[in-house]
Amino acid sequence: QVQLVESGGGLVQAGGSLRLSCAASGSIFTINIMGWYRQAPGKQREFIAAITSVGSTNYADSMKGRFTISRDNTKNTVDLQMSSLKPEDTAVYYCYAKKESTPSILYWGKGTLVTVSS
């Protein structure tokens, strides 16, 4: 099993920045992809970005430019740097991970709430 714990959420004013972090533990040796989704109230979960173990990144088109994903394999963490935040970025942000051996299985964190005030 893989355990993922997000941190860094909170209240920020529009235009501000926030950095989220996700720490992985447990059976992490074959984790290939880590990334972030978010879910706003009343909406479906939305893909933000992902990063492979060698640093290749993939972003949703709508997230390019304001969101940056990074990863530290030595610490088993993945971060999401968010800038120029807007009220519509208010959501619960979830970290996820996938193993190379079981790509259809996604491991999820419990999420961290980001609230952007206008």
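Asn76 is partly exposed, with a relative accessible area of 28%; here buried means under 20%, exposed over 50% and partly exposed in between (1.4 Å probe, protein chains only). Asn76 sits in the loop between S7 and S8, where helices (H or I, at least four residues) and strands (E, at least two) are DSSP runs numbered from the N terminus. This is a predicted model: local features need pLDDT of at least 70, side-chain atom pairs count only at pLDDT 80 or more, and totals for chains, interfaces and linings use all residues. Residues are numbered from 1 along each chain as its sequence is written, and side-chain values use heavy atoms, with hydrogens and water left out.

**Positive phi in loops**
- Asn76 has a phi near 60°, a positive value in a residue other than glycine.
- Ser84 also has a positive phi, about 45°, and is not a glycine.
- Ser84 lies in the loop between S8 and S9 and counts as partly exposed at 41% relative accessibility.

**Nonpolar core**
- The largest nonpolar core has 34 residues. Such a core is a set of buried Ala, Val, Leu, Ile, Met, Phe, Trp, Tyr and Cys residues joined through side-chain atoms within 4.5 Å.
- Leu4, Met34, Trp36, Leu80, Met82 and Tyr93 have the most contacts inside this core.
- Elements giving two or more residues to the core include strand S1 (2-7), strand S4 (31-39), strand S8 (77-82) and strand S9 (91-99).
- In soluble globular proteins, nonpolar side chains tend to be buried together.

**Salt bridges**
- The count comes to 5 salt bridges. The rule asks for a side-chain nitrogen of Lys or Arg within 4 Å of a carboxyl oxygen of Asp or Glu.
- Arg38, Glu46, Arg66 and Asp89 are linked in a network of salt bridges.
- Arg38 meets Glu46 at 2.9 Å, N to O. Arg38 is buried at 9% relative accessible area, whereas Glu46 is partly exposed at 31%.
- Arg38 also bridges to Asp89, with the closest N and O atoms 2.9 Å apart. Arg38 lies in strand S4 and Asp89 in the loop between S8 and S9, so this pair ties together parts that are 51 residues apart in sequence.
- Asp89 forms a salt bridge with Arg66 as well (2.7 Å, N to O). Arg66 lies in the loop between strand S6 (57-59) and S7, so its pair with Asp89 ties together parts that are 23 residues apart in sequence.
- Asp89 is buried at 1% relative accessibility, and Arg66 is buried at 17%.

**Aromatic pairs**
- The whole structure holds 5 aromatic pairs. Rings of Phe, Tyr and Trp (its six-membered ring) pair if their centres lie within 6.5 Å; planes under 30 degrees apart count as stacked, over 60 as edge-to-face and the rest as tilted.
- Tyr94 and Trp108 pair edge-to-face, 6.4 Å centre to centre, with 90° between the planes. Tyr94 lies in strand S9 and Trp108 in strand S10 (residues 106-108), so the pair ties together parts that are 14 residues apart in sequence.
- Tyr94 is buried at 14% relative accessible area, whereas Trp108 is partly exposed at 33%.
- Tyr96 and Trp108 have ring centres 5.7 Å apart and planes at 40°, so this pair is tilted.
- Tyr37, Phe47, Tyr94, Tyr96 and Trp108 are linked into a cluster by ring pairs.

**Charge over rings**
- Arg45 lies over the face of Tyr94, at 3.8 Å from the ring centre. The test is NZ of Lys or CZ of Arg within 6 Å of the ring centre and within 35 degrees of the ring normal.
- The charged end of Arg45 also sits over the ring of Trp108, 4.5 Å from its centre.
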